[in-house]
2 protein chains.
Amino acid sequence: MTGNVASSDLLMRVQQRIGQDLAKVEEVFAAELASSNPFATDVLAHVCRFRGKRLRPILVLLTARCLGGIRPEHHVLAAVVEMIHMATLVHDDVLDEAATRRHVATVNARWNNETSVLFGDCLFTHAFHLASSLPTTEACRMIGWSTNRVCEGELTQVRERGNFDLDEAAYFEIIEGKTAELCALSCRLGARYAEAEAATVEEMAEFGRLLGLAFQIADDLLDLTGDEHAAGKSLGSDLSLEKMTLPLIRLMSEASSDEAARIRQLLAAPDEASRQALRTLLEEGDAFAYTRDRALALVSQSCELLDRLPPSPDRQLLQDMARFAVERTH
Amino acid sequence: MTGNVASSDLLMRVQQRIGQDLAKVEEVFAAELASSNPFATDVLAHVCRFRGKRLRPILVLLTARCLGGIRPEHHVLAAVVEMIHMATLVHDDVLDEAATRRHVATVNARWNNETSVLFGDCLFTHAFHLASSLPTTEACRMIGWSTNRVCEGELTQVRERGNFDLDEAAYFEIIEGKTAELCALSCRLGARYAEAEAATVEEMAEFGRLLGLAFQIADDLLDLTGDEHAAGKSLGSDLSLEKMTLPLIRLMSEASSDEAARIRQLLAAPDEASRQALRTLLEEGDAFAYTRDRALALVSQSCELLDRLPPSPDRQLLQDMARFAVERTH
């Protein structure tokens with residue numbers, strides 16, 4: 001992963017703090033999938049080349065450290081959430097018909113859509129199999145409930161494609177499911193398995209939820225403003241897939257009815273000229289600034305929640321992760 | 001479902017025997033998915049129109065009755081295996097680009113591939129969520145393990161597409177995973193949750209496995225010989241997808257090297273003329289008879305296993321289900 005100075009510094013501090021635990025998570029992850037057939041192993045090796053920041057395992061582990069310390073269950077749970085996240089990425093690439101992710105060909109581009117669908121399924125089933133290795137069904141129930149919400153959020157997003165009148169409430173409902181829920185789950189599991197009190201578990205889940213919302217809004221912003229080379233993935237795909245994201249929703253909501261009609265036309269015909277015209281409109285108005293402010297406000301809210309915990313380097317890292325979610329340039 | 005006289009008679013007897021329990025399974029199934037978003041509910045209502053024989057729930061329930069009786073856990077488990085089966089069907093229709101199943105447009109034809117992928121994911125996650133409502137992780141572990149094998153079998157099948165030299169051993173490895181495993185799981189869960197002894201649980205799983213193999217072989221045979229109207233789904237898709245099934249493997253193994261080269265050409269160019277030529281070759285040789293005999297032998301083996309149980313109408317129904325697996329005409 002290439003990165004700006006701030007992000008590489010943060011990730012180095014994370015590595016120093018929980019590097020050994022992240023390595024154990026990797027071991028659990030690899031051991032669960034080692035039983036797979038040789039083709040699944042090949043696809044996995046390929047997919048691992050585009051693994052990202054491991055945000056979700058980091059959330060599990062740092063939350064645990066803030067609230068009593070990391071236990072073996074946390075390594076298992078961190079591997080489970082990462083596996084589920086990877087499953088959704090592999091399936092997303094089918095949905096978005098994406099050709100590259102983090103500079104590497106996606107599974108559907110390297111093999112085919114069938115392989116993406118089935119390999120994603122394998123990751124889902126292995127994640128649940130791994131979760132069931134814990135002594136009780138509690139984690140399975142929490143994971144099952146959250147993954148239901150993740151899939152339903154994604155399903156709503158697909159249904160709403162091409163609906164240029166999507167409003168903020170509907171947008172937030174989608175990203176609550178598709179992104180915030182898995183971040184909330186990561187923190188919830190981290191806290192619960194550190195044996196935190198019920199109220200603290202829910203506060204940490206809320207922290208994860210707010211961070212996840214901010215992260216997704218920043219991602220949607222980068223899809224319109226980012227540098228494709230630095231991001232290492234195809235950008236502008238939201239426009240070509242007719243997905244309404246917060247900057248576009250803001251643009252529409254601030255437009256006169258004549259302007260809105262013109263914007264709808266541009267959204268419906270996403271050739272390069274229309275895209276350029278849309279970008280100009282977005283830059284001239286307050287859409288980007290508004291979106292950034294919304295993300296920053298969510299980050300502030302999430303950091304305030306953590307202020308209730310005793311100060312520690314782990315708490316600091318969690319707050320820095322939240323800020324990083326919106327300050328990153330890719 | 002339209003059916004021949006034998007199958008409608010069998011299903012009527014099943015209905016008389018466990019109709020009330022099947023209705024409870026339906027209730028559990030619907031309640032689990034009722035929490036879903038409205039779009040998921042629409043897609044589900046559509047998918048339910050092509051629900052089939054409910055073979056797997058029937059296996060769970062009849063196995064339970066043979067070994068101590070149906071308990072509330074069996075209704076939950078039967079709904080779980082049916083949900084997993086439905087998830088694999090919805091994803092299969094993406095893979096096969098099938099347009100109809102049981103006379104109804106598939107999800108990908110009615111909506112799009114994205115919806116199929118995500119709705120299939122929803123069914124998987126809800127199945128695991130439902131399984132985690134049982135008191136211990138035992139069922140989750142068994143279900144996780146089996147679904148891993150199902151997905152890996154399907155993945156191997158995709159990898160082997162276009163490999164016209166696939167041998168019987170590789171074919172059986174594929175169908176062990178993609179079909180036999182879920183039938184084995186159904187019987188294993190039925191027996192385990194009736195508190196049968198460990199050896200009996202494994203014998204029942206073996207019965208399910210053999211029945212599943214026979215069922216898949218019969219299905220592959222019907223794809224080449226069946227009547228598209230009676231089947232209510234697109235047939236001949238194995239040929240157009242370059243999937244080698246038992247009749248084709250037998251044809252290749254009995255051919256001289258010259259004939260095999262000619263068959264490979266026909267398989268690689270599956271236009272209507274090539275398909276017709278292949279069907280003629282299959283009919284002239286022993287490929288269909290050989291395949292039918294293999295399926296019948298598996299059914300006999302499976303029925304013999306059940307002879308160890310005390311005779312009962314439930315045991316009889318299970319044996320009749322096994323015979324029906326190969327005798328059905330669609």
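Biologist: What is the hand of the crossing where H3(B) passes H16(B), left-handed or right-handed?

Modeller: Left-handed, in this predicted model. A crossing gets that name because the near helix is turned anticlockwise from the far one by less than a right angle. H3(B) passes H16(B) in that sense.

Biologist: At what angle do the axes of H3 and H16 of chain B cross?

Modeller: Roughly 145°, with the axes coming within 8 Å. H3 covers residues 55-66 and H16 covers residues 313-327, both in chain B.

Biologist: Which residues make the contact?

Modeller: H3(B) brings B:Ile58, B:Leu62, B:Arg65 and B:Cys66. H16(B) brings B:Asp314, B:Arg315, B:Leu317, B:Leu318 and B:Met321.

Biologist: How do the residues of this contact divide by class?

Modeller: Six are nonpolar, none is polar and three are charged. Asp and Arg count as charged, so B:Arg65, B:Asp314 and B:Arg315 fall in that class.

Biologist: Why is B:Glu195 called partly exposed?

Modeller: B:Glu195 has 13 other C-beta atoms within 10 Å. Exposed needs 12 or fewer, and buried needs 20 or more. Its count of 13 lies in between, so B:Glu195 is partly exposed.

Biologist: Which residues have the most contacts inside the largest nonpolar core?

Modeller: A:Val80, A:Ala214, B:Val80 and B:Ala214, in a core of 202 residues. A:Ala214 touches A:Ala295, A:Leu298, A:Val299, A:Ser302, A:Ala322, A:Ala325 and A:Val326, leaving aside residues up to four places away in sequence.

Biologist: How many residues does the contact take from chain A and from chain B?

Modeller: It takes 36 from chain A and 36 from chain B. H2 (38-48), H4 (72-96), H6 (113-131) and H7 (138-159) of chain A each supply at least two residues to the side that touches chain B. H7(A) gives the largest share of that side, 13 residues. By class, the chain A side has 16 nonpolar, 14 polar and six charged residues.

Definitions and conventions:
Residues are numbered from 1 along each chain as its sequence is written. Chains are lettered from A and ligands numbered from 1 in the order in which they are written. This is a predicted model: local features need pLDDT of at least 70, side-chain atom pairs count only at pLDDT 80 or more; totals for chains, interfaces and linings use all residues. Axes are lines fitted to C-alpha atoms, for helices over the stretch in contact, and angles run from 0 to 180 degrees between N-to-C directions. Helices (H or I, at least four residues) and strands (E, at least two) are DSSP runs, numbered from the N terminus. Two residues are in contact if their C-beta atoms, placed from the backbone, lie within 7 Å. A nonpolar core is a set of buried Ala, Val, Leu, Ile, Met, Phe, Trp, Tyr and Cys residues joined through C-beta atoms within 7 Å.
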